[in-house]
Protein chains: 2
Amino acid sequence: MANSFVQVSPDSHFSLQNLPYGIFHPRDAAADQPSPRPGVAIGDYVLDLSAIASAGLFDGPILKSSSECFLQTTLNAFLQLGRPAWKEARATIQKLLSADEPTLRDNASLRKKSLFPMSEVEMLLPTVIGDYTDFFSSMHHAKNCGTIFRGPENAIPVNWFHLPIAYHGRASSIVISGTDIIRPRGQGYPISDSPPSFGPSKKMDFELEMAAIVGPGNELGKPVNVNEALDHIFGLVLMNDWSARDIQAWEYVPLGPFLGKSFGTTISPWIVTLDALEPFSCDAPNQVPNPLPYLAESKHKNYDIPLQVWIKPAGQNDPFLVTKSNFNNLYWTLSQQVAHHTINGCNLRPGDLLGTGTISGPEPDSLGCLLELTWNGKNLLDLNGVSRHFLEDGDEVIFSACCKGNNYNVGFGKCSGKILPAHP
Amino acid sequence: MANSFVQVSPDSHFSLQNLPYGIFHPRDAAADQPSPRPGVAIGDYVLDLSAIASAGLFDGPILKSSSECFLQTTLNAFLQLGRPAWKEARATIQKLLSADEPTLRDNASLRKKSLFPMSEVEMLLPTVIGDYTDFFSSMHHAKNCGTIFRGPENAIPVNWFHLPIAYHGRASSIVISGTDIIRPRGQGYPISDSPPSFGPSKKMDFELEMAAIVGPGNELGKPVNVNEALDHIFGLVLMNDWSARDIQAWEYVPLGPFLGKSFGTTISPWIVTLDALEPFSCDAPNQVPNPLPYLAESKHKNYDIPLQVWIKPAGQNDPFLVTKSNFNNLYWTLSQQVAHHTINGCNLRPGDLLGTGTISGPEPDSLGCLLELTWNGKNLLDLNGVSRHFLEDGDEVIFSACCKGNNYNVGFGKCSGKILPAHP
């Protein structure tokens, strides 16, 4: 593939092969720059898709008559169009940005209108998220959590190997990378006969997740076939499912996590499409026992996406790498998650978010949360001289993910958030 | 209070003292009747608030400049305005509809434009529901379910008396009364070493609930004080939290209900305001142990709302009364639910739905679901010659609620749904 006329440094996440979608607005938006709007990342720039659409450059058979999807303040309308439209948009944008295509390259006025330095824009939530579902699809995470909370005999619940367990999360408190997270207050386990404890959480944790963004939905009552499920997924983002372990432990029986999670969930701003991730697809783990027929897929595939977690402790200048994991640690695939989610007729809608659950690997340095890394606070995690059981006020947690191609990257950028003290 | 010039029969739920809000459109909407739009029920009629707003009749200090909230397709904008605006709207509408006020009574053209026979309109979901939360606030229900699933020793979880337990529900599959419900398919418990069962649910159930509709929300990170919590609640609807007990039982450990619920949740179309329900407020149950300070309210009140469940079995002409309960069976109040939901900083948004959980009373004929009425299918429920363990295809379930005032009713109308066979 040709390079772009926009400079893309070798370590940039945003090559011409990537082209992730987000919603941005220029920080100092003048009155004639309606904002927010859809954009695509290329190197250190954002290509304004509303400017490209207004210039009539989406001229393929589908988008010619529906490029108003790029004049919206969210990506929902574009997502609803489905994969043929997504492929057409990708081809159009790749051509427009390529070094040997003069249309944009040689049009200074259009370049000025449509290419914004990334440092001069603010990123917003990319979609209206109607519903947010969180799965529990890493076996290592399920095993470690189960061992911590219920002991090694009953570590993984008996249903776990038969269905991709999930619960509904809170959509209203999903925020974009860079948003501060206020430490939640809440109840914790009583000590003997006392009332429950109450106050700022003492066990603030991150959870390393990714999340799929739903494209076209399905009608209520009409399940999605597992072999067609990926047509309902537009792409992936990084997600930090912040967790207050003390609140969670006290509240979650019998109806599941609630306030231990709903104070904030952070996602990265750029949706990397499944089309861009296709070169990094790989075999998914062998499943024993065999899944039921509605979960048995003809192509059982995963994605090889290396993931990193960095913590920048309060008062320190440098972040410290604490976890290296990979999306391919997931036991249940995206398509199995979609097929399971809809088998009862539940309807998905464009822009819905499907979290993977914490992505832990088998090695001690591949665990996706402090609950596992410190074994529920029993061990100290050393961060280059500073140590932690759980997160302290001022700590910043930074996720990063990048697939390495042949002289190009398909990366996700960062998903970060800093813990602020609880309100008094 | 004066009567209305619109005839209200003595058994009508929709008196001049009620005036519940909904979203409707005329069934045979002509091109010049934009739809859907907000309306208020009065007797057998719907007052079109968009017509009243367009006629400039919302002339109070608040709504004079913001009556465009009635030109929307949902009630969210009106809900966001808060109680002062709601009280002003109620006063304006009560005056307009009263027998001794000529403005609407004597204006035939405006009456024609603004009053629609209820039989000629279709009701739609009243709000965009960003998030739907379901509580678990009836002690009798908690005790019965716990006894059935975990035995009498551990019937009520130890946390239940300290916090109003809740989980996030699925917003996308909330439907309006009258919508058919397709029997879901899914996995159930394996028998000994077999794989899990799979197929149409064999334990289809209803759950008698009510749900609060959120008015003004709160900012992320800013909890709502329990003594100000009712200012965030606009009103109540009836809700049927349809449940597939076999799917639920197999999937819900450890993360809570998911596919056993998310195939459909039915709400009644008319939101009865807390202002209309105020004459029916009553003391809430004494709470032992004392709730923590953030849940201790200066006015611990409930509402006396008699509830009924009727089942019309497939092939029968008449519905049969199976349950008489009351909203005042709830142990945790609406204000405690709101205070708890937000104590961690979680943000509520206008139009959000807060289900009460199944409202069972202490008597055998006051149980709010078949799980309790038939003790998980052990006993047969007799419906006037027909009998049921759980719901069968073609069965219709109808909830009704009506507060009896002095010569007037404040009622909720019906919340109904019929079970259709699973897709093959």
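The following questions and answers concern a predicted model, with attention to a sheet in chain B, the contact between chain B and chain A, and salt bridges.

Reader: In what order do the five strands of the open sheet in chain B stand?

Author: The pairing in this open sheet is antiparallel. From one strand to the next, the twist averages 45°. The order is β4-β3-β2-β1-β5.

Reader: Why is one side of β4 and of β5 in chain B left without a neighbour in the sheet?

Author: In chain B, β4 covers residues 115–117 and β5 covers residues 121–124. Each has a single partner strand, so one side of each lacks a neighbour in the sheet. The reason is therefore their position at the edges.

Reader: Which residue in β2(B) stands opposite Gly22(B)?

Author: Strand β1 of chain B spans residues 21–26, and β2 of chain B spans residues 37–42. These strands run antiparallel and are joined by four bridges. Opposite Gly22(B) stands Gly39(B).

Reader: At about what angle to β1(B) does helix α3 of chain B run?

Author: Helix α3 of chain B comprises residues 83–97. The helix lies across β1, β2 and β3 of chain B. Its angle to β1(B) is about 55°.

Reader: How much area is buried between chain B and chain A?

Author: The size of an interface is often given as the accessible area lost when the parts come together. Here the contact takes 57 residues from chain B and 57 residues from chain A. Carbon and sulfur atoms give 64% of the buried area, which is about 5300 Å².

Reader: Which residues of chain B lose the most area to chain A?

Author: Three residues of chain B together account for 15% of what that side buries. They are Arg170(B), Leu255(B) and Phe258(B).

Reader: Which residue of chain A forms a salt bridge with Arg170(B)?

Author: Side chains of opposite charge can pair when their charged atoms come close. The count between chain B and chain A is four salt bridges. In the one that involves Arg170(B), the closest N and O atoms are 2.8 Å apart, and the partner is Asp352(A).

Reader: Which element gives the largest share of the side of chain B that touches chain A?

Author: Across this interface, 29 residue pairs are in polar contact. In chain B, β7, β10, β11, α7 and α9 each supply at least two residues of the side that touches chain A. The largest share, three residues, comes from β7(B).

Reader: How many residues apart are Arg83(A) and Asp275(A)?

Author: Their side chains meet in a salt bridge at 3.6 Å, N to O. Arg83(A) lies in helix α3 of chain A and Asp275(A) in helix α8 of chain A, so that the pair links distant parts of the chain. The separation is 192 residues.

Note on methods. Residues numbered from 1 in each chain as written. Chains lettered and ligands numbered in written order. Predicted model: local features only at pLDDT ≥ 70, side-chain atom pairs only at ≥ 80, totals over all residues. Heavy atoms only, no water. Pairing = 2+ DSSP bridges. Axes fitted to C-alpha atoms, helices over the stretch in contact; angles between N-to-C directions. Contact = heavy atoms within 4.5 Å. Buried area = accessible area lost by both parts, 1.4 Å probe. Polar contact = N/O pair within 3.5 Å; in protein donor to acceptor, adjacent residues only side chain to side chain.
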